[in-house]
Amino acid sequence: MQGLAIFIHAVRMVLGNLGQALRIGGVALAVMVALTLSLGATPEAGAAPSVAAIVLDVARIIVGLWVVVAWHRFILLEEAPGAFLPAWNGAAIWGYFKAGFVLGLIIALLFIPLMLIAGLVVFPLLGAGADAASPGLVAGLVAFVVTLLPAIYVFYRLSPVLPGAAIERPLTLREAWYQTGTSGAAFITLALASLLAGWALDALIPALAQASVPLALIWSAVTQWLVFLVGASILTTLYGHYIEKRELNA
């Protein structure tokens, strides 16, 4: 199952380079968490976001781009990070932002007809009224299959444009789609593996919160950081395997 092999390879990529991962993203993570706690940037429900919250959100985006570009470059170009921070590569970060914006716009436009199709299927199920639990479960599964899986599939097929931008070897969307066209089912398996792994990590948070709220917050921060890096590693693996024709080690 190639999709599962891609996921395992990405996880091993992070765990096998944990020291470099901490040098690339560890300080940035600590600074952002400290800023969030010090500014209290999470607004109350219904309240307008403060200037500090907006600035912090912009900072999160910039730091996220900085870290993900450095990670792609470390794996694909063997560009070593500094002792505490990765090198700042403004041109690559800007190129990554532009590629990500275009890709995000495509996925958003794709979601509109998918949501309409899902609505046509789901609403009759919810209105059946035979059993409140059963129609709701079926409707949720249908919505997941009709909307989320196709969107993730298209994202993965086109995603090599992102690492390509990071290492300043840009790809067109057509090139990315063509190069990833040999493994349709693998991307569905990869999507399911990623979603299940993320769900399993999040499922522990309520139990930890009952024992210790600080422990739950620490677990949440660490797992979000790992999920972010594994997600970046999946994109790196897709580029390395489908564009550079590297072998998978899983």
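**Entry 1: Asn89**

I looked up Asn89 in this predicted model and found the residue in the loop that links α3 (51–77) to α4 (90–126).

Next I asked which residues Asn89 touches once its neighbours within four places in sequence are set aside. I noted contacts with Arg73 and Glu168.

I also looked up the separation of Asn89 from Ala70. The two residues stand 19 apart in sequence, and I noted a C-alpha to C-alpha distance of 8.2 Å.

For the side chain of Asn89, I found one of its polar atoms 3.1 Å from the backbone nitrogen of Ala92.

**Entry 2: α1 and α9**

I turned to the packing of helix α1 (residues 2–15) with helix α9 (residues 213–243). Their axes lie 8 Å apart, and the angle is about 120°. The crossing of α1 past α9 is right-handed.

I then listed which residues meet between the two helices. From α1 I noted Gln2, Ile6, Phe7, His9, Ala10, Val11, Met13 and Val14. On the α9 side they meet Leu226, Leu229, Val230, Ser233, Ile234, Thr236, Thr237, Leu238, His241 and Tyr242. Sorting the residues of this contact by type, I recorded twelve nonpolar, six polar and no charged.

Key. Residues are numbered from 1 along each chain as its sequence is written. This is a predicted model: local features need pLDDT of at least 70, side-chain atom pairs count only at pLDDT 80 or more; totals for chains, interfaces and linings use all residues. Side-chain values use heavy atoms; hydrogens and water are left out. Helices (H or I, at least four residues) and strands (E, at least two) are DSSP runs, numbered from the N terminus. Contact means heavy atoms within 4.5 Å. A polar contact is a pair of N or O atoms within 3.5 Å; within protein, one must be able to donate a hydrogen and the other to accept it, and residues adjacent in sequence count only if both atoms are side-chain atoms. Axes are lines fitted to C-alpha atoms, for helices over the stretch in contact, and angles run from 0 to 180 degrees between N-to-C directions. A crossing is left-handed if the near helix is turned anticlockwise from the far one by less than a right angle, and right-handed if clockwise. Ala, Val, Leu, Ile, Met, Phe, Trp, Tyr, Cys and Pro count as nonpolar, Asp, Glu, Lys and Arg as charged, and the others, Gly among them, as polar.
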